[in-house]
Amino acid sequence: MPEDGTAGRPQEERVSKALLDATLMELAENGYEKTTIAAIAARARTSKQAVYRRYADKGALIAAAVEAALARVNPAPPQRGSVAEDLRQCLTNTVAALQDTALGAAVRALVPYRGRPDLAGVLDEAEAARRLVLRQIFIATPFEADMEARIDLLLGLIYFRLLIRNIRIDARDIETAIYLVLGLVAPREPAPRQELPGLPGV
């Protein structure tokens with residue numbers, strides 16, 4: 001066995017990944033308060049000592065797990081072919097991550113604890129990264145004006161429906177939000193007025 005300890009690194013990496021994955025699952029299934037170091041260690045098939053060798057406490061472990069998960073799902077830079085298509089890809093990525101993985105339930109469980117210092121930094125950085133991608137989509141286009149408000153509207157739909165109301169978002173919802181924010185929705189014809197018998201035109 002090499003003296004530099006390289007043979008032990010794959011095992012260490014496997015344990016670390018198992019801990020992060022287990023933390024996300026525990027948080028998604030049981031919420032912040034009921035998630036414990038003991039439960040995480042058991043799910044990851046390791047020991048509490050293995051956890052404390054890597055993380056100071058539960059908050060640090062949860063922050064690391066969420067940070068790693070968010071890093072994996074960060075949207076790619078825009079292709080600059082079409083504002084609408086770039087927005088569609090970015091928002092679809094965000095919705096898929098928050099709706100179809102344990103990450104979404106985990107983040108939802110953390111909403112009441114958003115002000116905790118150990119969690120706020122991670123969530124703030126993730127939000128900043130996502131907003132940066134959206135700014136890159138809007139910059140130097142006819143939609144650059146008021147782009148922060150446009151970003152708020154797009155992300156607001158996702159965060160409110162998924163994280164607050166726990167309502168699924170589909171491709172049509174994303175499409176409608178994009179067209180509304182870009183001002184591309186054609187005005188709808190008003191519905192025909194219903195006439196009451198004997199009172200034409202009412």
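Guide: Here we go through the terms one by one, each set against its cut-offs. This is a predicted model, in which local features need pLDDT of at least 70 and side-chain atom pairs count only at pLDDT 80 or more, while totals for chains, interfaces and linings use all residues. Residues are numbered from 1 along each chain as its sequence is written, and side-chain values use heavy atoms, with hydrogens and water left out.

Visitor: What makes up the secondary structure of the protein chain?

Guide: The protein chain comes to 9 helices and 0 strands. Helices (H or I, at least four residues) and strands (E, at least two) are DSSP runs, numbered from the N terminus. Along the sequence the pattern reads α-α-α-α-α-α-α-α-α.

Visitor: Why is Arg 45 called exposed?

Guide: Buried means under 20% relative accessible area, exposed over 50%, and partly exposed in between (1.4 Å probe, protein chains only). Arg 45 has a relative accessible area of 79%, so it is exposed. Arg 45 lies in the loop between α2 (37–43) and α3 (48–54), and its phi is near 60°, a positive value in a residue other than glycine.

Visitor: And what is the phi of Ala 140, and is Ala 140 buried or exposed?

Guide: Phi of Ala 140 is near 60°, again a positive value in a residue other than glycine. Ala 140 sits in the loop between α7 and α8 and counts as exposed because its relative accessibility is 64%. For a helical case, take Gln 49 in helix α3: at 52% relative accessible area, Gln 49 is therefore exposed. As for the buried class, it makes up 37% of the 202 residues in the protein chain.

Visitor: How do you know that Arg 88 and Glu 175 form a salt bridge?

Guide: A salt bridge is a side-chain nitrogen of Lys or Arg within 4 Å of a carboxyl oxygen of Asp or Glu. Between the side chains of Arg 88 and Glu 175 the N to O distance is 2.8 Å, and the pair is a salt bridge. This pair links distant parts of the chain, with Arg 88 in helix α5 and Glu 175 in helix α9 (residues 171–181), 87 residues apart. Arg 88 is partly exposed because its relative accessible area is 21%, and Glu 175, at 27%, is partly exposed as well. The structure holds 14 salt bridges.

Visitor: What is the closest N and O distance between Asp 118 and Arg 116?

Guide: Their closest N and O atoms are 3.0 Å apart, and the two form a salt bridge. With a relative accessible area of 24%, Asp 118 is partly exposed; Arg 116, at 33%, counts as partly exposed too.

Visitor: What separates Glu 127 from Arg 131 in helix α7?

Guide: Glu 127 and Arg 131 are 4 residues apart in helix α7, so about one helical turn separates them. The closest N and O atoms are 3.7 Å apart in their salt bridge. Glu 127 counts as partly exposed at 22% relative accessibility, whereas Arg 131, at 12%, counts as buried. Salt bridges that share partners join Glu 127, Arg 131, Arg 135, Glu 148 and Asp 152 into one network.

Visitor: What is the volume of the largest pocket, and what makes a space a pocket?

Guide: On a 1 Å grid over the protein atoms alone, a pocket is an open set of points where a 1.4 Å probe fits, with protein on both sides within 12 Å along at least five of seven lines; lining residues have an atom within 4 Å of a point. The largest pocket has a volume of about 350 Å³, a volume being the space filled by probe spheres set on the points, which are joined across faces, edges and corners. Of the 16 residues that line the largest pocket, the closest to its centre are Val 107, Leu 123, Glu 127, Tyr 159 and Leu 163.

Visitor: Which helices supply the lining of the largest pocket?

Guide: At least two residues each come from α4 (58–73), α5 (83–99), α6, α7 and α8 (147–164). The largest share, 4 residues, is from α7. The lining divides into 12 nonpolar, 1 polar and 3 charged residues, where Ala, Val, Leu, Ile, Met, Phe, Trp, Tyr, Cys and Pro count as nonpolar, Asp, Glu, Lys and Arg as charged, and the others, Gly among them, as polar.

Visitor: Which residues make the nonpolar surface patch?

Guide: Val 111, Phe 160 and Ile 164 make this patch of about 270 Å². Patches are made of residues with over 30% relative accessible area and no salt bridge: like charges are joined within 9 Å, nonpolar side chains (Val, Leu, Ile, Met, Phe, Trp, Tyr) within 5 Å. Accessible areas come from the Shrake-Rupley method with a 1.4 Å probe, and for residues only the protein chains shown count as cover. Val 111, in the loop between α6 (102–110) and α7 (117–138), is partly exposed because its relative accessible area is 34%.
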